[in-house]
Amino acid sequence: MFQLRIYTLRSAEALDRYASIHWARHIASLEAFGVGTRGIWTSRDGGENRLFALVSYETGADPARIETGYRASSAFADDMAGFDPHDIVDVASVLLDATASSPIR
C-alpha cells in the first residue's frame with residue numbers, strides 16, 4: 001500500500017528547508033517504523049509551496065497507527081528540531097493501491 005502525503009508550507013523558504021533538511025531526515029527514521037520513502041517532490045504551482053511524498057507500507061500495516069506512533073517518537077522530534085511547525089499550514093494524504101499494470105508496487 002502506498003500513501004501520497006501533501007504538505008503545504010507557509011513560504012518558499014520554509015518549503016526549501018523542510019524538503020532539504022527535515023524530510024530528508026524522515027527517510028531513515030520512517031524506515032525504522034516500516035515505512036519506505038519512494039519519492040519526494042516539490043511544487044510551487046498556483047502560488048502554493050507544496051511538498052509531495054510518496055511512501056509505502058508493509059502489507060497489512062495500519063498507516064494511522066504507524067503515523068501516531070512515529071509522531072510521538074523521539075526520532076520524529078529529532079527530525080523536526082529547528083523547524084517551526086507553524087510553517088506547515090496544511091497536510092493531506094491519500095492511500096493508494098497499485099494497479100496490476102503499475103510499474104511501482
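1. Histidine 22 touches Arg17, Asp79, Met80, Ala81, Gly82 and Phe83, when residues up to four places away in sequence are not counted. A contact here means heavy atoms within 4.5 Å. Histidine 22 belongs to helix H1; helices (H or I, at least four residues) and strands (E, at least two) are DSSP runs, numbered from the N terminus.

2. The model is a predicted one, in which local features need pLDDT of at least 70 and side-chain atom pairs count only at pLDDT 80 or more, while totals for chains, interfaces and linings use all residues. Residues are numbered from 1 along each chain as its sequence is written, and side-chain values use heavy atoms, with hydrogens and water left out.

3. Is histidine 22 buried or exposed? Its relative accessible area is 0%, so histidine 22 is buried. The term buried stands for under 20% relative accessible area, exposed for over 50%, and partly exposed for values in between (1.4 Å probe, protein chains only). A polar atom of the histidine 22 side chain lies 2.8 Å from the backbone oxygen of aspartate 79.

4. Helix H1 comprises 20 residues (residues 12–31) and should span 28 Å at 1.5 Å a residue; its end C-alpha atoms are 27 Å apart, which agrees. The expected span is 1.5 Å times one less than the number of residues.

5. The buried residues of H1 include Ala14, Leu15, Tyr18, His22 and Trp23. Among the elements that cover the buried residues of H1 are strand S1 (2–9), strand S2 (35–43), helix H2 (63–71) and strand S4 (88–96).

6. Five aromatic pairs are found in a search of the whole structure. The rings of tyrosine 18 and phenylalanine 83 have centres 5.2 Å apart and planes at 40 degrees, so this pair is tilted. Rings of Phe, Tyr and Trp (its six-membered ring) pair if their centres lie within 6.5 Å; planes under 30 degrees apart count as stacked, over 60 as edge-to-face and the rest as tilted. The pair links distant parts of the chain, with tyrosine 18 in helix H1 and phenylalanine 83 in the loop between H3 and S4, 65 residues apart. Ring pairs join Tyr7, Tyr18, Trp23 and Phe83 into a cluster.

7. The largest nonpolar core has 18 residues, and those touching the most other members are Tyr7, Leu9, Tyr18, Trp23, Val35, Leu51 and Tyr57. Such a core is a set of buried Ala, Val, Leu, Ile, Met, Phe, Trp, Tyr and Cys residues joined through side-chain atoms within 4.5 Å. Which element gives the largest share of this core? H1 does, with five residues.

8. Valine 35 is found in strand S2 and is buried, with a relative accessible area of 2%. Leaving aside neighbours within four places in sequence, valine 35 is in contact with Leu30, Val55, Ser56, Tyr57 and Ile66.

9. Arginine 105, in the segment after S4, counts as exposed at 57% relative accessibility. The C-alpha atoms of arginine 105 and arginine 38 are separated by 10 Å, although these residues are 67 residues apart along the chain.

Notes:
A polar contact is a pair of N or O atoms within 3.5 Å; within protein, one must be able to donate a hydrogen and the other to accept it, and residues adjacent in sequence count only if both atoms are side-chain atoms.
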